[in-house]
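Please open the structure in your viewer and keep the sequence panel beside it.

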Amino acid sequence: MAAQTYLHLHPLRCLPFPLKIQNPQNQSHHFKQKPRNPVVCKLRVAVIGGGPAGSSAAEALATGGIETFLFERSPATAKPCGGAIPLCMLDEFSIPLNLIDRRVTQMRIVSPSNLVVDFGKTLKPHEFIAMLRREVLDSFLRQRAESSGATLLKALVTNLVVPTSTREPYVIHYTMDNCQEQLAVDVIIGADGANSRVAKSIKAGNYTTAIAFQERIKLPEDKMGYYENLAEMYIGNDVSPDFYAWVFPKCDHVAVGTGTVCSKSDIKSLQHAIRARVKPKIKGGKVIKVEAHPIPEHPRPIRVRGRVALVGDAAGYVTKCSGEGIYFAAKSGRICGEAIVKASEGGENMINENDLKREYLRKWDDKYFTTFKFLDVLQKVFYGNNAAREALVELCGDEYVQRMTFDSYLYKNLASGNRWEDAKMVMNTISSLVRCNIMGREVEASAQKILSRVL
């Protein structure tokens, strides 16, 4: 009876029985349909982390009739982020246009040798990259989740007690208003970032992280005019040995930053280098904020265990090559929230690990696995050294490459192009790499084989 009556406890009351940590089980992608297991009252779900992933999950849960608690320890702050979102996200997530700081229609990519390519020539009149501040977006998404019925708790989660039985609750220990509290729930969504406490609690495994460092710089009016609708990317060993540096426009300032995996201890010198490369453009600017944050480099080994699911950065959903995470965070949160609603039949039935794997993980992997792997390959090919980066910038000058890139980015689908143009792009890529001394003479011999497969 105790396994059922905990559902009736006040959300901030201690449980009357002790709980122990479960033994982790191996991740599996084989699903078994379970018999329906009705709960005494509505399923209760806690979402830990109030960024785009957590807020989108909480909104989907609350809209679907699930009793939802959204934890966010610092609503007034936000993760350091370039702040670019694709066009499709505005409609898909009903983002108000007044949240957008800048509509970027020009992207400029600068090679190690300062070769400059304008990367927006193929944008259509209605197309742009939306630039916004994370604190503005995150606040909006949290408020929308709250208005949908989620309970927002401005609290720091300090511990998660994992049950030994499939019918016992998870117990969240947290601090709110300087008081120690507890909450018993049926299901947990971990949306608490790269250093996820939820992931540690369920032994989800480690992953490689990069560090992103960013300064927000308020520029004189004439300098800010230069970045009216322009974003810049700089590549080279001086600014990052394995990623890129950026200058992204905001409402009244620019975000200047860089990131790296292999040289975290050198992040400040890398930041100094990007500031040196853009010095004439930001001269007279004043630093108004300095930010740094870890960013995952690949998905965690375990993303679902028991009745706990990880989304967003906690799950490792940041793309290689571009470092994009906002859209994939929000999308993973929504898919996971909707999966719980579906599996529980609107909160009427208990769910289990197989439900989460079937309704959430399988759908996510079917939709985005190829995209993540493709961008991983691109990063390995083009970000390894300066010669490869020169080849990348050279290729970016091709209008077909630009069109395919923007179609894939703006609408979040790997674009399907013209096969003859695809063949030319393959050959141009090989030629650029050969000219930049990245690939040996054996490439020439294999080029025809590659071309024949494409055709």
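Helices (H or I, at least four residues) and strands (E, at least two) are DSSP runs, numbered from the N terminus. Residues are numbered from 1 along each chain as its sequence is written, and side-chain values use heavy atoms, with hydrogens and water left out. This is a predicted model, in which local features need pLDDT of at least 70 and side-chain atom pairs count only at pLDDT 80 or more, while totals for chains, interfaces and linings use all residues.

**Confidence**

Colour the chain by pLDDT, the predictor's confidence in each residue, from 0 to 100. The chain has a mean pLDDT of 85, and 82% of its residues reach 70 or more. Now select residues 439-448, where pLDDT stays under 50 and where the model has 7 contacts beyond four places in sequence, a contact being heavy atoms within 4.5 Å.

**Helix α7**

Select residues 267-277, which form helix α7, and find A276 in it. Is A276 buried, exposed or partly exposed? Buried means under 20% relative accessible area, exposed over 50%, and partly exposed in between (1.4 Å probe, protein chains only); A276 is partly exposed because its relative accessible area is 48%.

**The core**

A nonpolar core is a set of buried Ala, Val, Leu, Ile, Met, Phe, Trp, Tyr and Cys residues joined through side-chain atoms within 4.5 Å. Select F71, I172, I188, I340 and Y360, which have the most contacts inside the largest nonpolar core, a set of 110 residues. Helix α10 (residues 326-343) gives the most to this core, with 11 residues. Apart from this core lies another, of 16 residues, including L219 and Y227.

**Helix α11**

Move on to residues 353-382, helix α11, which bends by about 50° at Y368; the bend at a residue is the angle between axes fitted to the seven residues ending there and the seven starting there.

**Helix α13**

Finally, select residues 399-411, the 13 residues of helix α13, which reaches 18 Å from its first C-alpha to its last, close to the 18 Å expected at 1.5 Å a residue. That expected span is 1.5 Å times one less than the number of residues in the helix. Among the buried residues of α13 are Y400, M404 and F406. After α13 comes K412, whose phi is positive, near 55°.
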